[in-house]
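The sequence and the structure are shown first.

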Amino acid sequence: PAFNEATCLNQKVFNTLALDYPSEKLKIIVITDGSSDGSETLTWADERVIRLHQPQREGKSAAINRAMPFSDAEITAITDANTLLNSDALLALTSPFQSNSIGGVAGEKRVQTDFGNSTSNEGLYWKYESRLKRWDAQVYSIVGAAGELFAFRTHLFQPLEIDAILDDFMLSVRIVEQGYRVGYAPNAQATESASPSLSAEWKRKIRIAAGVFQSLPRLDLPLKPSKYPLAWAIFVGHRWMRWMLAPPLLLILLPLHLNLGLSMGGLWLLFAFIHLSAYILAGLGFALNSFHLKIPFFYTPMYFVMMNAAMVAGAFRFFSGKQSVLWEKVRS
């Protein structure tokens, strides 16, 4: 799916055509629905590339639904237009399908960052997230693939709700709900640039958070632990606790910690001071960012606080009905 991606679409198509994969087994479907920046008129002199275009823009989920009937292969892989893949990506991504229990395989998202940039911790976050996914897959299955690179058995695809915000999360969880595991291929790498600014990253996090609240009632897995015991345990540990438990705890624990420190002193006071200092560092990170000062020491606590604040903001955005399925593109 590619909406107004004229600046990178040629590079993306040529990068995909150059992958180390049997030429006769590769078909590329490019969906430029709603594009008006010239990407809808780009052509490629290769019969393996199929173009789909319609004037109206309906969102990524609708684009995926429209493209899937054109995929006649056993395995379909979805990748974002603004990511580049390593040469072995498809080989690494398809290898786990030798096991009949595997219904989908997620690649590893990598973020190129400018050291010291206010969004440099986006890359650090994705390294942490990737490590968790490796462990999830080793235990049983991951429960939420990144849409930058995700492959699945074509016959397992279930049409997405056209207003779905987190198409990748919905698609991968529904494969698990069909009794299959979703594996993880760290050697299949999709690399993209970090968000161009902190405000762009803030908008992206809010959109993701709104998508969480939209997705959960539509899925069986979160509500049926007895039916999916291992997958449910991974979901709770990796997703639910981070999404639903961490933000309110951050609001509650600081005043409780300060109260313990002031009333009991000793180590409690030291720990309360350390706790408060983390928020002060986060605040300084936001302040320095407004002056375009790049001091990495402040950005890790700032990014952590921003992610959890975005979860709260995303909840308000979703329940107020203000989150559109259409992504507002942000350019540097």
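The sections below treat the basis of the report, salt bridges, helices and a surface patch.

## Basis of the report

The model is predicted: local features need pLDDT of at least 70, side-chain atom pairs count only at pLDDT 80 or more, and totals for chains, interfaces and linings use all residues. Residues are numbered from 1 along each chain as its sequence is written, and side-chain values use heavy atoms, with hydrogens and water left out.

Helices (DSSP runs of H or I, at least four residues) and strands (runs of E, at least two) are numbered from the N terminus. A residue is called buried under 20% relative accessible area, exposed over 50%, and partly exposed in between, with a 1.4 Å probe and protein chains only.

## Salt bridges

A salt bridge is a side-chain nitrogen of Lys or Arg within 4 Å of a carboxyl oxygen of Asp or Glu. The count by this rule is 17 salt bridges. One of them joins D33 and R66, with the closest N and O atoms 2.6 Å apart. D33 lies in the loop between β1 (28-31) and β2 (49-52), and R66 lies in helix α2 (residues 60-67), so the pair ties together parts 33 residues apart in sequence. D33 counts as buried because its relative accessibility is 9%, whereas R66, at 26%, is partly exposed.

A salt bridge also forms between R134 and E108, at 3.5 Å from N to O. This pair links distant parts of the chain, 26 residues apart: R134 is in helix α4 (residues 121-139) and E108 in strand β5 (residues 102-112). R134 is partly exposed, with a relative accessible area of 29%, while E108 is buried, at 7%.

## Helix α5

E161 and R174 form a salt bridge whose closest N and O atoms are 2.8 Å apart. E161 is in the loop between β6 (149-153) and α5 (167-177), and R174 is in helix α5, so the pair ties together parts 13 residues apart in sequence. E161 is partly exposed, at 25% relative accessible area; R174 is buried, at 10%.

Helix α5 is largely enclosed by the rest of the structure, because 11 of its 11 residues are buried. Among them are D167, F169, L171 and V176. After α5 comes G179, which has a positive phi near 95°.

G211 is in helix α6 (residues 198-215) and is buried, with a relative accessible area of 0%. Leaving aside residues up to four places away in sequence, G211 touches I165 and L166, where contact means heavy atoms within 4.5 Å.

The axes of α7 and helix α9 (residues 299-319) come within 9 Å and cross at roughly 110°. Axes are lines fitted to C-alpha atoms, for helices over the stretch in contact, and angles run from 0 to 180 degrees between N-to-C directions. The two helices α7 and α9 are therefore roughly perpendicular to each other, a term for angles of 65 to 115 degrees. In α7, R242, W243, A246, P247 and L250 meet F304, N308, M311 and V312 of α9.

## A nonpolar surface patch

W240, M241, L245, L249, L251, I252, L253 and L256 form a nonpolar patch on the surface, with about 720 Å² of accessible area together. Patches consist of residues with over 30% relative accessible area and no salt bridge; like charges are joined within 9 Å, and nonpolar side chains (Val, Leu, Ile, Met, Phe, Trp, Tyr) within 5 Å. Accessible areas come from the Shrake-Rupley method with a 1.4 Å probe, and for residues only the protein chains shown count as cover. L249 is placed in helix α7 (residues 229-264) and counts as partly exposed, at 33% relative accessibility.

How values were computed
Angles under 35 degrees count as roughly parallel, over 145 as roughly antiparallel, 65 to 115 as roughly perpendicular and the rest as oblique.
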